Amino acid sequence: MAATEVQVSDKASPLKAKSSSDDKLMRLFILVIGAYLVVALAMPLYVMLSKSVLNSDGGFVGLLNYFAYFKTPSLVYSIKNSLFVGLVTTVITVSIAFVLAYGFTRSRMPGKPIFKTIAMIPILVPSLLPGIALIYLFGRQGIINWALFGHEIYGPIGIIISEVFFTLPHALIIIITALSIADARLYEAATALRASSTRIFFTVTLPGVRYGLISAGFVVFTLAVTDFGAPKVIGGDFNVLATDIYKQVIGQQNFEMGAVVSVVLLIPAALAFFVDRLVQKKQVALLSSRAVALEPKPSRRFDNGMLAYALVVSFFILGILGMCQFAALFKFFPYNLSLGLSNYQFDLMDGGGWDSYFNSIEMASYTAVFGTIIVFYGAYLVEKGKGLGVIRGAFQFLAMLPMAVPGLVLGLAYIFFFNMPTNPLNVLYHTMAILVISTITHFYTVSHLTATTALKQMDAQFESVAASLKQPFYRTFVRVTVPVCTPAILDISIYLFVNAMTTVSAVVFLYSPHTTLASVAVLNMDDAGDIAPAAAMGMMIFYTAAGVKILHYFLSRGIEAKTQAWRRSSDN
Amino acid sequence: MTDAFLRIENLAKNFGNFTALRNISLSVLEGEFVCFLGPSGCGKTTLLRAIAGLDIQTQGRIEQAGIDISILPPAERDFGIVFQSYALFPNLTVEKNVAYGLESRRAARSEVIGRVKELLALVDLADQGKKYPSQLSGGQQQRVALARALATSPGLLLLDEPLSALDAKVRTHLRQEIKHLQRRLAVTTIMVTHDQEEALTMADRIVVMNHGSIEQIGSPEDIYAAPASEFVAQFIGTMNFINVVVESANQGKHPGGFVKFSPDNLRQGESARLAIRPEDVEILNKKDEQNTDQVLGKVVSTEYLGAFLRVTIAPEGWESTLLADISTDIAVRFVIEAGGDVGFRLPPEKILAYQENK
Amino acid sequence: MKKSFYRGGSVIAGALLAMGIATGASAATDLMVYTAVEAEDLKKYAARFNEDHPDININWVRDSTGIVTAKLLAEKANPRADIVWGLAATSLLLMKGEGMLEPYAPAGLDALDPKFRDKSSPPAWTGMDAWVAAICVNTVEADKNSLPMPSSWQDLTKPVYKGHIAMPNPNSSGTGFLDVSSWLQLFGEEGGWAFMDKLHQNIGHYTHSGSKPCKQAARGEVAIGVSFAFRGAKSKASGAPLEVIIPSEGIGWDMEATAIIKGTKNLDAAKTLADWSVSEKANKMYNEGYAVIGIQSLAKPVEHFPDNIPESMIDNDFEWAASNRKRILAEWQKRYDSKSEPKS
């Protein structure tokens, strides 16, 4: 019967599916969400990159700005300083985090949940806060400044201690994950072969977590190199790339040079990012082949040792935090150590007063709500969408990009892009909206990955089934996808909220007199020398973030209990 | 051919440079149960997804109930689908899963409730409606998926390896149940499977596929008894192969001697592969030397398979061993045991002959 | 169903836009006022002004002098500010040169000290008060480290003060710039840089803001802060063990001044504020913190302020400072903005 049919030719143009109204709607959504990332990320970055090859009047000067940069010795020293701080912080943080994670996963020390919670505290405070505490502890009038043996806390020592505090939770999360995918059978095999525990450590444990360690190393390095809070507060005259951008842009409003430094800062961040992505993939491969979970055996000496270690680390973290709270309450350190609330009169200080605090809460709330909607919907369209493959691929790339873009660079890019007189979007400049957009974009990647992971765990055939039942995609999205992904959605919103409360880097270029933020107020008060009020405001941020975290914990528990009946299904 | 319910003509599908389907043409009659059978990667699922409109073919035409549906989106086609993973919505109860396709069709609530009840009764889950999928066994979940797919009374039911995730016992049971249900509802059904037993027991017709092409279309009996290609012969059931060079019209030569066969599709001098099923190998009394067809060999091993005995024979001078399925009765009569001698014959009328593939 | 989804999308977009626009709109006239006035005074300034003009709403953008200056220059193409109220005259001169200011003779201009107005007519800017350089010394820390009380700029270069001095970075701080420009005028171009080379050896760190050195001295974080008199007086008033020193060679000073930005959409409201900023009431208000004000006849002594300020103020050449600002800052940065380099 088919013999008479025309032979199918490879050259004939392939068939194109007729689009249903559903498909058209979905394509529209993909375009809209794609347009968001183009406007909020791609175009600002492009404008910034092009600024680095223009002069202040907008004329093209090629690499002249770069030559000028590399001819300025103080700026080039900053590269060296940044690398130094980054490397030392990486080594210290990863070492501390590894031992702590080892204790959490391989010992039976008591109180693990408490210590884990304490270790996560630094995520809830602006990176400026540890610097402030260090001034009170080790400054000229520092309570225990003898402990530095005459060394100066202002400079690399202070920056590195602050960065270790700031990056510890990030490294810890990664290394705990890496350690907990260990296969117990490997250890049993090694023990059966009578390998010594040292030998087991070096032949089984370390190789098993190597990707985790590399990944943690790069994450810490990137954070330390691109962080701006710590060097600003306690760096003294030890210049690093991040403070250079700030000085060039805010101090001298030399935007072109700021753009050049941004590009320089973009290089290590982007490099670290790509290596991390590469390593992550291998880590995932290890994960999928996991077998029997390792159950640590009790060992009194080892467990006590780990407990002591965890106590020391917790003491460090709580000490920094406690110091800040006391600093906020001292009436006039160091001459009047009676306690009072006078430092909470933010309205008499730089930084925008109590309004800043409420602005921050408002900004964080908007970021959490709109950010979660945008991120989750974007991830859904990339993951489950049909058609426009190229655009979805590009979207996926753009969604990963913010991880490699330091906040300061993003903020600077926003000034360039949103303050162009020719840009119709410049109505957003100096508004709350631009703060929200920049913050969503700054923290896009991790949110996007959380959403994508949750979506990938869902059966890939839901959409096909729904189509066969002639149901529009958005009905399935609302009735199935969102309920199933609720835990991830909550995680994303809380992640965005906390980061919006603590972030300084991108928004420091973008706030306006109506939209001063608490985190920026910490910076500005410290800048003006009002360090005690800065500590007070920093602690307000901490209490707010911690309160929201606790709320989130109970909310998640509630949802878990309510949906317990069907949630088990993901186990099969 | 006008009464074909589903007609596929010259279908092809490429993924980049990879050709997943080529030159697929077939027709499915109304009410028929057709299985796409083949090893993984043969294109059977791709073909199913093209029929569903989930992945549009690169070339070719699909017609359902006289309407060209080649490029229609899934929502505009008329089918229900069941996947290996069940794909039940975990947060909806069994009832709501089944009702999912009914609700927005402007049907009255009471009507929907009635229909859901009816469907759950049909798949024998009348009392499980309020449960969540995770509270059911795998077999039960798959029946819910079936009820959901049938809820809208689709003209075509597509089953994508529906039984592969279940244990052997449940699988056998559900196999019958699905077949029974399909007969009762007379719904045209296409099932994708890699399990020949499933295909042989359930299908009215089987489409055997390999490397993106159809190797053979036929009833289970045809496919088993007269495999159209060496691939089919090898893929379905167990088969002995003997490499020969065709000497005369019905005789092939190989290092161990000659084999006679009846098919006459081969030319003299050609290399060929002769095939015979183990159950067609005839065990002889080795003392009976009158039988000129008799081949002598050693018993390498025997394998007791309940109803019969599978004997591995190393014929004298042959390059490869041969399998023969014999009744225990014969085994006792001819004293077939490992290490012993055995005589057998290959009845020419049971031998299949294929040109050697290059 | 579909409709409501389109609407859902536009609601989100609309809300994001509305967040932006809503903050910009309100009933009274909103004036975007850029300033470097100390933060603690902003509320007071706005409140006093609103006593007379309740219909004009002041939105402050406050930062260090250098930053406000740089911000205004950067926004030249697309100005955000309506008016500047309280920025260094040297900075305003710079902007006048760029053609960014709207010349305007406010009512009551004649009452101002001639020093306190732009030479052009109508003037591009009018002065409010003078802020003067000063040295803040923490007496407790000085005793602890047995530091003698300095009495001149040159004293600060003595080796005994090594590491005990903080001063503002002139690139970001207006106080820092007036210090540097006054030293160059006092000691001559060469002598000035030589002085700063020696001073640099004693500097513990440079700060971003002009008030920070004094606030740090108040906390004992450094012993000596090169800052300005207003800040020293304030800190002393709040109980810090501070001595505010006016160096014997004379002190640099700058005016806080007012100027309307060219192209403002709220010219009338801006003029109203400019008028008020030279009024007697305003001058009395400035006098609450500053000893030297635009209408000096109204001035009363300010508590904790040294009394010899007016006669110690050098004859500051603002035009020179403004026109050489860029060069001076570049030179300064080249010489000192790398304290982190390995010291040889």
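Is A:F228 buried or exposed, and what is its relative accessible area? In this predicted model, A:F228 is buried, with a relative accessible area of 1%.

The model is predicted, so that local features need pLDDT of at least 70 and side-chain atom pairs count only at pLDDT 80 or more, while totals for chains, interfaces and linings use all residues. Residues are numbered from 1 along each chain as its sequence is written, chains are lettered from A and ligands numbered from 1 in the order in which they are written, and side-chain values use heavy atoms, with hydrogens and water left out.

**View 1. The ring pair of A:F228 and A:Y246.** The ring centres lie 4.8 Å apart and the planes stand at 50°, so the pair is tilted. Rings of Phe, Tyr and Trp (its six-membered ring) pair if their centres lie within 6.5 Å; planes under 30 degrees apart count as stacked, over 60 as edge-to-face and the rest as tilted. A:F228 lies in the loop between helix 8 (197-226) and helix 9 (229-234) of chain A, and A:Y246 in helix 10 (residues 241-251) of chain A, so the pair ties together parts that are 18 residues apart in sequence. Helices are DSSP runs (H or I, at least four residues), as are strands (E, at least two), numbered from the N terminus. A:Y246, at 3% relative accessibility, also counts as buried (under 20% relative accessible area; exposed is over 50%, partly exposed in between; 1.4 Å probe, protein chains only).

**View 2. The aromatic pair of A:F29 and A:Y377.** Over all chains, the structure holds 50 aromatic pairs. A:F29 and A:Y377 are edge-to-face, at 5.3 Å centre to centre with 75° between the planes. A:F29 belongs to helix 1 (residues 21-51) and A:Y377 to helix 13 (residues 353-384) of chain A, so the pair ties together parts that are 348 residues apart in sequence. Both residues are buried. One aromatic cluster includes A:F29, A:Y377, A:F473 and A:F477.

**View 3. An open sheet in chain B.** The 5 strands follow the order 15-19-16-17-18, with antiparallel pairing (two strands pair if DSSP finds at least two bridges between them). Strand 15 (282-284) and strand 18 (322-326) stand at the edges, each with a single partner strand, so one side of each is left without a neighbour in the sheet. Strand 15 is joined to strand 19 (residues 341-345) by 3 bridges, and B:I283 stands opposite B:F344.
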